[in-house]
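These are my notebook entries on one structure. I record what I looked up, in the order in which I looked it up.

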Amino acid sequence: MTALPPHYWEEAKAHLMKRDRILRKLIPAYAQESLHPSPEPFTTLVRSIVAQQVSQKTAKKVWQRFLTRFQHQATPQDVLAVELEELRQLGLPKRKVEYIIDLAQHFDQEKVDPNAWQEMEDEAIIKELCAIRGIGRWTAEMFLIFNLRRSDVLPLDDAGLIRAISQHYFSGEPVSRFEAREVAQAWTPWCTVATWYLWRSLEPVVESD
C-alpha cells in the first residue's frame, strides 16, 4: 500500500509554486513524490543520531547493520540488552553508542512521552529532545519533519538545505543563515515542504518506466 503524503501537501505545493519562482520549477519535477511517514519515534531518533556528522553513504551502511542486528525493529529494551562493544562493532563510535543508550534509557524509564508530542508546539518538542544527550537542534528538527511531519520546519543547520539554497538561489555562492532565512520567508507556513523539495533537487530524478 502506498504511503499517503501529509494532509497539507497539495495545499503547500500550490502555495510554494505561487510564491517562489525556483520551487515553481522544482516541484513539478518530483510531482509523484512526497514526504513519507517514518518509523516510530525511538527508531527515528536513533537513525538521526547514526546520521550525525557522517556522509549519507556511511550513515546508510551503518543503519543497515543496525537494522539487521535488531531484525528491523529495535525497541529501547532491545538496545539496552546489548553490550556496548557489540553496538560499536556495527560501525558506531563510542560517543554515538553512549547517545543511543541514553536515548533508550529515556524511553524505557518514561522520561519522555511520545504521545504528548502530537499536542505540543514545535519549539517545546525541540527543547525536550535537546535535553537528551546527543540530540541537538538539527536532530530534533529532523524528528519534527520525518516523524511528526510538522509543516513549517526550517532546519537552517542542515548542510543539504543550505547547499540547495546556494545552488538554486545564489548561483553556487556561499550562503549565510540570514540569507537562507530571507529566502525562506516566502515559504511560510510550509517550510517543511519547501525544504523537502530542495533536498530532493540534490538527487537525480528517477524516471518511471
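**Entry 1**

I began with helix H2 (residues 21-29), in which Ile-22, Leu-23, Leu-26 and Ile-27 are buried. Seen down the axis of H2, these buried residues fall within an arc of 110 degrees, so they line one face of the helix. I note that buried means under 20% relative accessible area, exposed over 50%, and partly exposed in between (1.4 Å probe, protein chains only). The arc is taken from the directions from the helix axis to the C-beta atoms. Helices (H or I, at least four residues) and strands (E, at least two) are DSSP runs, numbered from the N terminus.

The model is predicted: local features need pLDDT of at least 70, side-chain atom pairs count only at pLDDT 80 or more, and totals for chains, interfaces and linings use all residues. Residues are numbered from 1 along each chain as its sequence is written, and side-chain values use heavy atoms, with hydrogens and water left out.

On the other side of H2, I found Arg-21 and Lys-25 exposed. The buried residues of H2 pack against H1, H11 and H13; contact here means heavy atoms within 4.5 Å.

I then turned to H1, where Trp-9, Ala-12, Lys-13 and Leu-16 are the buried residues. They cover an arc of only 100 degrees around the axis, which puts them on the same side of H1. An α-helix has 3.6 residues a turn, so residues three or four places apart point the same way. Glu-10, Glu-11 and Lys-18 are exposed on the other side of H1. The buried residues of H1 pack against H2 and H13.

**Entry 2: Arg-19**

I looked up Arg-19, which lies in helix H1 (residues 9-19). Arg-19 is partly exposed, with a relative accessible area of 46%. Which residues does Arg-19 contact, leaving aside its neighbours within four places in sequence? They are Gln-185 and Ala-186. I also recorded that Arg-19 and Trp-187 are 168 residues apart in sequence, yet 7.4 Å apart in space, C-alpha to C-alpha.

**Entry 3: backbone details**

I checked the peptide bond from Thr-188 to Pro-189 and found it to be cis, with omega near 10 degrees. Pro-189 sits in the loop between H12 and H13.

Glu-110 is not a glycine, although it has a positive phi of about 60 degrees. I located Glu-110 in the loop between helix H7 (94-108) and helix H8 (114-117). Its relative accessible area is 69%, so Glu-110 counts as exposed.

Ser-171 also has a positive phi, near 55 degrees, in a residue other than glycine. Ser-171 lies in the loop between H11 and H12, and at 71% relative accessibility Ser-171 is exposed.

**Entry 4: pockets**

I searched next for open spaces, on a 1 Å grid over the protein atoms alone. A pocket is an open set of points with protein on both sides within 12 Å along at least five of seven lines, whereas a cavity is a set of points where a 1.4 Å probe fits but cannot get out; lining residues have an atom within 4 Å of a point. Grid points are joined across faces, edges and corners, and a volume is the space filled by probe spheres set on the points.

The largest pocket has a volume of about 1,400 Å³. It is lined by 33 residues, of which Arg-47, Ala-51, Gln-56, Phe-146 and Glu-203 are the closest to its centre. Which element gives the most to this lining? It is H3, with five residues. By class, the lining has 14 nonpolar, 11 polar and eight charged residues. Ala, Val, Leu, Ile, Met, Phe, Trp, Tyr, Cys and Pro count as nonpolar, Asp, Glu, Lys and Arg as charged, and the others, Gly among them, as polar.

The second largest pocket has a volume of about 260 Å³. Of its 17 lining residues, Arg-137, Asp-152, Val-153, Leu-154 and Arg-181 are the closest to its centre. I recorded seven nonpolar, two polar and eight charged residues in this lining.

**Entry 5: the cavity**

My search of the whole structure gave one cavity of 30 Å³ or more. Phe-42, Thr-43, Val-46, Trp-63, Phe-66, Leu-67 and Ala-74 line the largest cavity. H3 and H4 are the elements that give two or more residues to this lining. By class, the lining has six nonpolar, one polar and no charged residues.
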